[in-house]
Amino acid sequence: MSDALKGLKTALKHQQKGDHAKAAALLRKVLKRHPDNADALHLLGLSLHADGRHDDALASIERAIAVQPGEAMFHTNAGAVAMALGDAGHAAEHHRRAIVLDPAHADAHNNLAIVLERQGAWDEAEAHLLKAIALKPDFANAHGNLGNVLRRQGRLEEAEASYHRALDIAPDLVEVHNSLGNAMRYMGRHDEALARFERAIELDPGYAEAHANRGMALAASGY
């Protein structure tokens, strides 16, 4: 096994354990000897992104793309980092490129839909989410994101069904419990909404949005 491959495998193990500082240090050692190793550049970008260093992360992943432009996953992750930086246009470019390179890349369809939803392009966002779900039926986040798009269009019953599908697959998705609570609140079902907000808070006690929504649900319920 080459030293680069051994380093990449060890760094990946550190990433999987959540120790991104160790992963980054090891990846830098690999890059010192192999500066154009696209996988090392990509993985380093992911660790920097996890540590909140989004500018450096995007630079590293885009260096990986320069070395290996045909890798759809690199574009997908670059798009996610660009979105974390608040650059929706750049994010969309990367996700669209990923889809061109690999039309069956469910994550790219999902991530592009997130960008489109925030831009108000709800019909296109819905189409990409339906594609992501067709490619990967148990893609819980895509079901949850579809719920968000449907809710924004006022299609509350359909949104509720999508949220429930997401939670059937992954019961501990905090943001989906909160979003389902909002859909229920808009339908006037305040007690059910309250239960969802409380579940979100139980899963993530520091989730400020769920606390605020819980307060509104309590007020609406007359507590």
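**A walk through a helical protein**

You'll find Ala-92 in helix α6. What does Ala-92 touch, not counting residues up to four places away in sequence? Its partners are Leu-112 and Val-115, where touching, or contact, means heavy atoms within 4.5 Å. With Val-115 the separation along the chain is 23 residues, while in space the two C-alphas sit 6.5 Å apart.

Before going further, keep in mind that this is a predicted model, with local features needing pLDDT of at least 70 and side-chain atom pairs counting only at pLDDT 80 or more, while totals for chains, interfaces and linings use all residues. Residues are numbered from 1 along each chain as its sequence is written, and side-chain values use heavy atoms, with hydrogens and water left out.

Now step back and take in the whole thing. Read from the N terminus on, then, the elements go α-α-α-α-α-α-α-α-α-α-α-α-α. The C-alpha trace spans about 65 × 35 × 30 Å along the principal axes. There are 223 residues in the protein, and 45% of them are buried. If you take the contacts between residues at least 6 apart in sequence, 47% join residues at least 24 apart.

Next, follow the chain to α11. This helix has 13 residues, and from its first C-alpha to its last it reaches 19 Å, close to the expected 18 Å (that is 1.5 Å times one less than the number of residues). Why is α11 largely enclosed by the rest of the structure? Because 11 of its 13 residues are buried. Among those buried residues are Val-174, His-177, Leu-180, Ala-183 and Met-184, and the list also includes Asn-178, Ser-179 and Arg-185. What covers them includes α9, α10 (156-169), α12 (190-203) and α13 (208-221). Just after α11 comes Gly-188, with a positive phi of about 80 degrees.

The loops are worth a visit too. His-105 sits in the loop between α6 (88-101) and α7. Is His-105 buried or exposed? Its relative accessible area is 12%, so His-105 is buried. Set aside its neighbours within four places in sequence, and you'll see His-105 in contact with Ala-72, Met-73, Thr-76 and Leu-135.

For another loop, look at Arg-53, which lies between α3 (38-50) and α4 (54-67). Here the relative accessible area is 41%, so Arg-53 is partly exposed. Again leaving out neighbours within four places in sequence, Arg-53 is in contact with Arg-28 and Leu-48. How far apart in space are Arg-53 and Val-81, C-alpha to C-alpha? The distance is 9.5 Å, and in sequence the pair is 28 residues apart.

Key: Helix = DSSP H or I, 4+ residues; strand = E, 2+ residues; numbered from the N terminus. Buried < 20%, exposed > 50% of the residue type's maximum accessible area, 1.4 Å probe, protein only.
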